[in-house]
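Please open the model in a viewer and keep the selection panel at hand.

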Amino acid sequence: SVKNGGMKLLIAKGQQVVNGTNDNIELKFQTNSNSEKLKEDEGGNIDFKSIGSVEAVHKGDVIAVKHQGEEGQDGCDITGRVKKHKAGKKVKLKVGEGCILTDENTIAAAVDGKPCIKSNAFYVYQIHEVRSDVDLKTGNIKFIGDIVVYGSVKEGMEIECGNYLDIEKDVERAKIKAAGNINIK
């Protein structure tokens, strides 16, 4: 373009550095931090005992998928000197008990049970352990596998499990339902 008799001319151009993006893992199940949803009836009354249902997965269900980050690209300045890009963080999927890798980016449940993450490894447990009393803090407990309660089951609470139920202490006028054996100590 011409301006005041002068002319703009591109003499040299650098190339922009494109930094890489991080791998990320998409969870296909709810964790404790985002699963505490209280149920409400038609009248707007909240059931404070409804928080104890355990999110369960079935054998073959996908529980996590890793999405690969984008590769970066080096750039250069106008003199042609190379400017290095920052690589994105790579994540390695780790499987523990009850899980299998269906491919390098997908983890599925090998058994029916409760999915969880510990130290960046995925697990599916067939036993749900309640390390306290079953009361308003824990809510009613519902799980497809075995349940072990290390405390008591307080009055008015409910437990329903798809297999074996073991209660280490007392049951105080509570509703207990299990498809397998019930052991109350």
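Select Glu71 and Lys90: their side chains meet in a salt bridge, 3.4 Å from N to O, a salt bridge being a side-chain nitrogen of Lys or Arg within 4 Å of a carboxyl oxygen of Asp or Glu. Glutamate 71 lies in the loop between strand E6 (62-67) and strand E7 (75-76) and lysine 90 in the loop between E8 and E9, so the pair ties together parts 19 residues apart in sequence. Strands (E, at least two residues) are DSSP runs, numbered from the N terminus. Both residues of the pair, glutamate 71 and lysine 90, are exposed; buried means under 20% relative accessible area, exposed over 50%, and partly exposed in between (1.4 Å probe, protein chains only).

The model is predicted: local features need pLDDT of at least 70, side-chain atom pairs count only at pLDDT 80 or more, and totals for chains, interfaces and linings use all residues. Residues are numbered from 1 along each chain as its sequence is written, and side-chain values use heavy atoms, with hydrogens and water left out.

Aspartate 23 is buried, at a relative accessible area of 7%.

Next, select Lys185 and Glu168, which form a salt bridge with the closest N and O atoms 3.4 Å apart. Lysine 185 is in the segment after strand E20 (182-184), and glutamate 168 is in the loop between E18 and strand E19 (175-178).

Where is the aromatic pair? Select Tyr123 and Tyr125: the ring centres are 5.6 Å apart and the planes at 5°, so the pair is stacked. Rings of Phe, Tyr and Trp (its six-membered ring) pair if their centres lie within 6.5 Å; planes under 30 degrees apart count as stacked, over 60 as edge-to-face and the rest as tilted.

Finally, turn to the largest nonpolar core, which has twelve residues, including Val130, Phe143, Ile147, Cys161 and Ile167. Such a core is a set of buried Ala, Val, Leu, Ile, Met, Phe, Trp, Tyr and Cys residues joined through side-chain atoms within 4.5 Å. Strands E15 (141-143), E16 (146-149), E17 (158-161) and E18 (165-167) each give two or more residues to this core.

Key
Helices (H or I, at least four residues) and strands (E, at least two) are DSSP runs, numbered from the N terminus.
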